[in-house]
Amino acid sequence: MEEQKNQNANSEITSVFESHQKTSITWRSSTLEERKDRLKAIRTWIQAHHSQIHEALWKDFQKPKTETDLSEVFPVTSEINHALKNLKSWMKSRSQSTPLPMLGTKAYIQPEPKGTALIIAPWNYPFNLAIGPLVSAIAAGCTAIIKPSEMTPATSALIEEMISEIFPKDQIAVFQGDAEVSKELLALPFDHIFFTGSPQVGKIVMENAAKNLCSVTLELGGKSPAIVTESADIQDTAKKLVWGKLVNCGQTCVAPDYILVHESQKDLLLSELKIGIQEMYDSNYEGIEKSPDLARIVNDRHFQRLDDYLKDAEEKGAVIEFGGKRNQHHRYLEPTLITGISDSMKIAEEEIFGPILPIITYSELQQAINYINAKPKALALYVFSQEKAEQELILHQTSSGNAVINDCVLHFLHNELPFGGVNNSGIGKAHGYHGFLAFSNEKGILKQRVGLNNVTLLRPPYGLKTKQLINSLIKWF
């Protein structure tokens with residue numbers, strides 16, 4: 001019975017994909033207004049079902065309404081509005097200058113839809129990171145199949161409901177399920193795959209994409225460091241780090257994973273971090289667990305993973321400076337500051353993805369830079385410094401997908417910036433025009449005139465004049 005059910009599901013996936021292949025050919029010539037209408041339909045649905053989005057995220061995370069609006073709804077509506085404003089210029093062909101050897105020709109770049117797209121979304125921002133890439137796919141003129149996370153069932157069900165009410169299944173479709181559904185989808189020859197998740201699963205996605213020579217955008221994670229230098233404004237720095245770390249209870253791919261602070265600033269930073277946590281999540285001193293503004297860990301498995309990190313670190317000599325309380329029944333983990341970190345600890349090697357913030361000291365800035373460079377390239381790097389020379393040194397001697405000076409996390413909301421990782425933290429960029437390009441093929445077009453042209457003298461038979469002309473081209477152009 002179960003085998004028959006799986007066969008039916010696989011059959012439906014294949015059938016829907018084949019219908020997308022047909023639709024994608026039609027959508028190659030889709031007009032600006034047609035694409036804008038599709039985007040507006042998503043925006044209208046979101047506005048009409050705002051409370052349902054709140055309810056779904058509460059069921060999955062106990063996520064506060066305000067935080068849902070800020071981190072799930074606004075990024076999507078902002079992406080839509082940005083695309084609506086700029087799509088006309090994005091779709092236009094771009095003329096290219098003519099080098100002298102190409103005299104007489106005209107050249108331009110015409111963006112065209114790649115075709116069929118697969119969007120595999122993660123659990124940590126299940127609405128934002130499913131619908132945000134969809135906006136880019138639709139703007140580029142692609143069809144899309146969305147695979148939301150099975151770890152956030154309420155939000156995944158909401159996404160399926162939304163898509164089914166707006167689009168026919170042969171245009172945009174949703175398939176829910178576990179890794180087996182992902183496996184079935186990844187076996188199909190999509191034109192582009194947009195995956196958000198861990199580097200480990202990203203490698204599996206890339207391996208499957210390679211079998212069909214399918215292009216990929218991989219938005220992965222990693223340990224994003226924050227460097228706090230001697231010149232940093234510690235009070236300002238602490239407040240920004242607390243918010244960036246604890247939004248969504250630390251389950252954010254660009255959250256500061258650990259802090260590298262100059263040894264002269266460690267004690268003051270610890271003090272200000274504690275004050276910041278208290279002010280934001282327990283201003284009435286009733287206990288952080290009662291705060292209406294702190295989400296919960298997504299499920300028992302991830303709670304246990306974080307609990308193991310803390311136990312392992314303490315057993316190996318780490319010191320909990322603040323927090324550390326756990327309530328497994330409610331998947332509550334108190335915001336935790338921890339020092340005495342060594343490389344033998346799991347917390348030093350694996351992405352934390354929770355409300356635990358390790359603090360490591362350094363005596364010379366180059367030590368901090370070397371520490372970062374010894375690890376895989378991060379998705380984001382945060383620099384807290386008031387000295388331009390320090391900022392430039394760090395930016396030039398490290399590599400990361402993005403970097404922010406004197407703040408953290410906010411770059412995700414900047415639609416003019418390319419968002420994404422580098423190597424282990426990701427391949428390709430997203431958001432705004434860069435998201436549009438991810439789902440587009442930039443087709444280079446050369447237009448030659450009829451009759452006598454720039455290559456007439458270069459055709460066989462290759463006489464002396466032809467050889468002299470080619471030698472001149474090699475020498476001067």
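Buried means under 20% relative accessible area, exposed means over 50%, and partly exposed is in between, using a 1.4 Å probe and protein chains only. At 10% relative accessibility, Thr 23 therefore counts as buried. Before going on, note that this is a predicted model, where local features need pLDDT of at least 70, side-chain atom pairs count only at pLDDT 80 or more, and totals for chains, interfaces and linings use all residues. Residues are numbered from 1 along each chain as its sequence is written, and side-chain values use heavy atoms, with hydrogens and water left out.

Back to Thr 23, which sits in helix 1 (residues 2-27); helices (H or I, at least four residues) and strands (E, at least two) are DSSP runs numbered from the N terminus. What does Thr 23 touch, not counting residues up to four places away in sequence? Thr 143, Asp 170 and Gln 171, where touching, or contact, means heavy atoms within 4.5 Å. The side chain of Thr 23 also reaches the backbone oxygen of Asp 170 at 2.7 Å. That is a polar contact: a pair of N or O atoms within 3.5 Å, where within protein one must be able to donate a hydrogen and the other to accept it, and residues adjacent in sequence count only if both atoms are side-chain atoms.

Thr 143 takes us to the strands. Thr 143, in strand 4, is the bridge partner of Thr 116. Strand 3 (residues 116-120) and strand 4 (residues 143-147) run parallel, joined by five bridges; two strands pair if DSSP finds at least two bridges between them. Strand 3 also pairs in the parallel sense with strand 6 (residues 192-196), over four bridges, and there Ile 119 has Phe 194 as its bridge partner. How many of the residues of strand 3 are buried? Five of its five. In a regular strand the side chains alternate between the two faces of the sheet. Here Thr 116, Leu 118 and Ile 120 are buried on one side, and Ala 117 and Ile 119 are buried on the other.

Elsewhere, three strands form an open antiparallel sheet in the order 1-2-18. Its edge strands, each pairing on one side only, are strand 1 (94-96) and strand 18 (440-447).

Now for some helix packing. The axes of helix 3 (residues 50-61) and helix 4 (residues 65-91) come within 10 Å and cross at roughly 105 degrees; axes are lines fitted to C-alpha atoms, for helices over the stretch in contact, and angles run from 0 to 180 degrees between N-to-C directions. That makes helix 3 roughly perpendicular to helix 4, a label for angles of 65 to 115 degrees. From helix 3, His 50, Ile 53, His 54 and Leu 57 meet Lys 65, Thr 68, Asp 69, Glu 72 and Val 73 in helix 4.

Pro 460 and Pro 461 are joined by a cis peptide bond, with omega about 5 degrees, and Pro 461 lies in the loop between strand 18 and helix 16 (464-476). Asn 248 is not a glycine, yet has a positive phi of about 60 degrees; at 0% relative accessibility, Asn 248 is buried. Asn 423 has a positive phi of about 55 degrees, but Asn 423 is partly exposed at 49%.

Terms used
Angles under 35 degrees count as roughly parallel, over 145 as roughly antiparallel, 65 to 115 as roughly perpendicular and the rest as oblique.
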